[in-house]
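Hi everyone, thanks for making time for this one.

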Amino acid sequence: MMKRRWMAGAAALWIVMAPAARAQEATVTVPRAEMEKLLETYALIKRNYVAKADDGKLFEGAIAGMLASLDAHSEYMNKDAMREIDRESTGSYVGIGIEVEDDHGQLRVVSTTPQAPADKAGIQAGDLLLSIDGAPATGLPSSEAARRMHGAAGSVVTVGVARRGKLRTLRLTRVAMHNDTVRMRMTAAGLPWIRISEFGSATGADLAAVLKKLDAQGAPRGIVLDLRNDGGGLVSAAVAVGGAFLPAGTTMFTARGRDADTEAKVTVDQRYYREANTPDVLAGLPAWTRTVPLTVLVNGASASAAELLAGALQDNRRATIVGSQTFGKGSIQSIIPLDAEDGIKFTVARYFTPGGHEIQARGVTPDVVVHPSAGADETLQLREADLANHLPPTQSPANDAAPRAVPESTRMFGTRDDKALQAAIGLLAPGTKPGTALAGMLRKWTAMAKGEAASVGGAP
């Protein structure tokens with residue numbers, strides 16, 4: 001038997017491949033005419049290009065082009081991209097503790113890590129990030145901005161930030177940090193609101209710690225699990241989160257490769273979420289976590305492992321899904337190192353919910369649809385089906401007719417305009433007057449900002 005690491009986004013899961021799959025891999029036929037054309041192109045460039053061509057860049061480009069021709073999520077990964085995968089997997093990184101997101105072409109600060117360099121320098125949510133080490137940040141993808149702000153511990157990065165038109169240039173020293181992916185607040189209705197921003201190696205353990213802390217105060221009457229703007233991460237972490245709310249042995253999803261013998265069913269089982277030589281993160285959870293009323297918030301930026309989890313909770317009738325249609329990233333990638341620094345990522349399977357529903361280019365449809373408020377200048381949320389060269393679904397794209405929502409900023413979550421959270425609270429606590437829960441949270445958070453109260457896990 002052969003083991004291969006499968007990924008959804010940056011999500012790792014060990015799947016056992018059948019012997020037939022290995023035999024197929026060993027009998028690849030290389031097309032002679034195409035290889036000769038590639039080598040002829042290389043020779044022409046080396047002889048005639050106006051400048052000296054670098055061999056490494058030429059073949060890197062050839063590999064990158066080969067992978068890009070497959071689908072939107074297959075790509076060549078240089079050393080920086082491979083390092084980012086490690087950061088996403090472990091949750092550990094070196095940086096300044098700042099999270100940004102695109103806001104109409106500008107990078108706006110979503111949050112800062114308490115006591116991190118950015119926080120100590122006075123950077124706040126809502127500030128604009130204008131430059132990184134003297135280079136303009138406007139127009140950069142948020143992932144690229146994050147990469148540029150990461151570096152070696154003790155090194156310095158210069159960032160330009162603006163607030164209400166006033167520009168500040170700050171020199172900040174990078175430090176080693178850990179990304180907290182699970183954060184909790186109590187709503188005024190007495191319901192825990194647990195937000196998962198992404199699925200990292202510590203997400204399952206962090207969620208278990210939050211649930212055990214809640215147990216010390218008595219079982220809650222319901223929980224709001226917020227997966228909005230969660231772009232995915234480790235599949236094993238999503239399985240662990242599902243296992244906190246579902247009985248052991250429950251089906252989470254089915255992964256289907258090109259051939260029938262590469263299909264695998266993933267269940268709530270330690271082998272799918274527990275790392276070797278580590279304790280079971282779900283051990284010791286109170287029994288009520290598998291029965292407590294649960295609502296799950298999703299939106300158009302809930303993708304990959306977040307959709308996998310939402311689909312599992314929905315199909316197992318464990319939770320009511322609230323919000324807008326999810327992104328539709330339902331494919332699994334395999335990341336294979338080529339040498340000590342770089343690697344390749346390509347799609348090897350699709351995943352399906354326990355009920356057999358395909359997520360790829362379709363997404364998860366909420367049980368209760370609640371669209372965010374649309375501004376006059378807002379563009380519509382991009383979906384997987386909008387990506388060039390996306391992998392088409394094998395099932396009919398029945399959800400194309402679902403209304404398009406606008407992108408949501410995490411800065412709006414928990415405000416008076418957060419209609420999805422208000423709807424979720426109303427489902428769990430029907431007697432709650434609309435708006436009361438959010439108003440209570442706003443008052444509490446204002447007090448917390450003044451140092452008058454404490455919270456579990458920090459701000460969402």
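Let's begin with Val322, whose bridge partner in β21 is Val368. Strand β18 (residues 320-323) and β21 run parallel and are joined by two bridges. Strands here are DSSP runs of E with at least two residues, helices are runs of H or I with at least four, and both are numbered from the N terminus. Two strands count as paired if DSSP finds at least two bridges between them.

Before going on, please keep in mind that this is a predicted model: local features need pLDDT of at least 70, side-chain atom pairs count only at pLDDT 80 or more, and totals for chains, interfaces and linings use all residues. Residues are numbered from 1 along each chain as its sequence is written, and side-chain values use heavy atoms, with hydrogens and water left out.

Back to the sheet. It is open, has six strands in the order β12-β13-β14-β17-β18-β21, and its pairing is mixed. At the edges stand β12 (182-186) and β21, each with a single partner strand, so one side of each has no neighbour in the sheet. Helix α10 (residues 305-315) packs on the sheet, where it touches β14 (223-226), β17 and β18. The direction of α10 makes about 145° with that of β17; axes are lines fitted to C-alpha atoms, for helices over the stretch in contact, and angles run from 0 to 180 degrees between N-to-C directions. Contact, whenever I say it, means heavy atoms within 4.5 Å.

Now to β17. How many of its five residues are buried? Five of the five, so β17 is largely enclosed by the rest of the structure. Buried means under 20% relative accessible area, exposed means over 50%, and partly exposed is in between, with a 1.4 Å probe and protein chains only. Leu294, Val296 and Val298 point one way from β17, while Thr295 and Leu297 point the other way. β17 runs parallel to β14, with four bridges, and parallel to β18, also with four bridges.

What surrounds Leu225? Leaving out residues up to four places away in sequence, Leu225 touches Ile194, Ile196, Val241, Phe245, Leu294, Thr295, Val296, Leu297, Leu309 and Leu313. Leu225 also belongs to the largest nonpolar core, which has 52 residues. A nonpolar core is a set of buried Ala, Val, Leu, Ile, Met, Phe, Trp, Tyr and Cys residues joined through side-chain atoms within 4.5 Å. The members touching the most others are Ile194, Phe199, Leu211, Leu225, Leu227, Phe245 and Phe253. Helix α8 (residues 235-245) gives the most to this core, with eight residues. Apart from it lies another core, of 18 residues, among them Val100, Val109, Ile123 and Val157.

Helix α8 has a packing partner too. Helix α7 (residues 203-215) packs against α8 at an angle of about 25°, with the axes 8 Å apart. That makes the two helices roughly parallel, a label for angles under 35 degrees; over 145 is roughly antiparallel, 65 to 115 roughly perpendicular, and the rest oblique. Thr203, Gly204, Leu207 and Leu211 of α7 make the contact with Ala237, Ala240, Val241, Ala244 and Phe245 of α8.

Asn277 has a positive phi, near 65°, without being a glycine, and counts as exposed at 83% relative accessibility. Ala361 has a positive phi of about 60° and is not a glycine either, but Ala361 is buried, with a relative accessible area of 6%.

Finally, the confidence picture. The chain averages a pLDDT of 84, and 85% of the residues score at least 70; pLDDT is the predictor's confidence in each residue, from 0 to 100. Over residues 1-24 the pLDDT is below 50, and this stretch has 77 contacts in the model beyond near neighbours in sequence. Residues 445-460 are also below 50, with 25 such contacts.
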